[in-house]
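Please keep the sequence and the model in view while reading the points below.

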Amino acid sequence: MDYEISVTDLKALKDSGDDLALLDVREPWEVQTAHIAGSLHMPMGDVPARFQQELDPDRHIVVVCHHGVRSMNVTAWLRQQGFEKVQSLRGGIDRWSREIDPAVPLY
């Protein structure tokens, strides 16, 4: 499985009803500004303390941030912890808003 997933591929998976988890690793103020419905919010700094209790290593997880940098860091870290089905959303919520859902505010 690639380390990144495109916004169009994520939309297709969501539309098909695929059982995936969206993990939003942005700060609380960012999530209040814009978010993808159904995402689990876990700020990047909280991931090491919370991932074992709140994430399923067998589930497909797509990590979301603003532009894709933080989500790639979290994806790489989770892969090192044995989570093989984790991907970073390429371009982050910014690209999601620009290409998939313009109702999600840009910031």
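A crossover is called right-handed if, with the strands pointing away from the viewer, the path from the first strand over the helix to the second runs clockwise. In this predicted model, such a right-handed β-α-β unit is made by β4, helix α4 (residues 69–80) and β5.

- An open sheet is formed by five strands in the order β1-β5-β4-β2-β3, and their pairing is parallel.
- Because β1 (4–5) and β3 (40–41) stand at the edges with a single partner strand each, one side of each is left without a neighbour in the sheet.
- Strand β2 (residues 20–24) runs parallel to β4 and is joined to β4 by five bridges; A21 stands opposite I61 of β4.
- Three bridges join β4 to strand β5 (residues 86–89), again in parallel, and here V63 stands opposite S88 of β5.
- Two bridges pair β1 with β5 in the parallel sense, with I5 opposite L89 of β5.

- Strand β4 (residues 60–64) is mostly covered, with five of its five residues buried.
- Both faces of β4 are covered: H60, V62 and V64 are buried on one side, and I61 and V63 are buried on the other.
- Strand β5 is likewise covered on both faces, with V86 and S88 buried on one side and Q87 and L89 buried on the other.

**Helix α4**

- The twelve residues of α4 reach 17 Å from the first C-alpha to the last, which is close to the 16 Å expected at 1.5 Å a residue.
- Which residues of α4 are buried? They are S71, V74, T75, L78 and R79.
- Just after α4, G82 takes a positive phi of about 100°.

**The buried residue E30**

- E30 is found in helix α2 (residues 28–33).
- Is E30 buried or exposed? Its relative accessibility is 4%, so E30 counts as buried.
- Leaving aside residues up to four places away in sequence, E30 touches H66, R70 and Y107.

**Aromatic residues**

- Three aromatic pairs are found in a search of the whole structure.
- W29 and Y107 form an aromatic pair that is edge-to-face, at 5.7 Å centre to centre and with 75° between the planes.
- Because W29 lies in helix α2 and Y107 in the segment after α5 (92–99), the pair ties together parts that are 78 residues apart in sequence.
- W29 has 52% relative accessibility and so counts as exposed, whereas Y107, at 28% relative accessibility, counts as partly exposed.
- Y107 is a partner of W29 in this pair and is also among the residues that E30 touches.
- One aromatic cluster is formed by F51, W77 and F83.

Definitions and conventions: Residues are numbered from 1 along each chain as its sequence is written. This is a predicted model: local features need pLDDT of at least 70, side-chain atom pairs count only at pLDDT 80 or more; totals for chains, interfaces and linings use all residues. Side-chain values use heavy atoms; hydrogens and water are left out. Buried means under 20% relative accessible area, exposed over 50%, partly exposed in between (1.4 Å probe, protein chains only). Helices (H or I, at least four residues) and strands (E, at least two) are DSSP runs, numbered from the N terminus. Two strands pair if DSSP finds at least two bridges between them. The expected span of a helix is 1.5 Å times one less than its number of residues. Contact means heavy atoms within 4.5 Å. Rings of Phe, Tyr and Trp (its six-membered ring) pair if their centres lie within 6.5 Å; planes under 30 degrees apart count as stacked, over 60 as edge-to-face and the rest as tilted.
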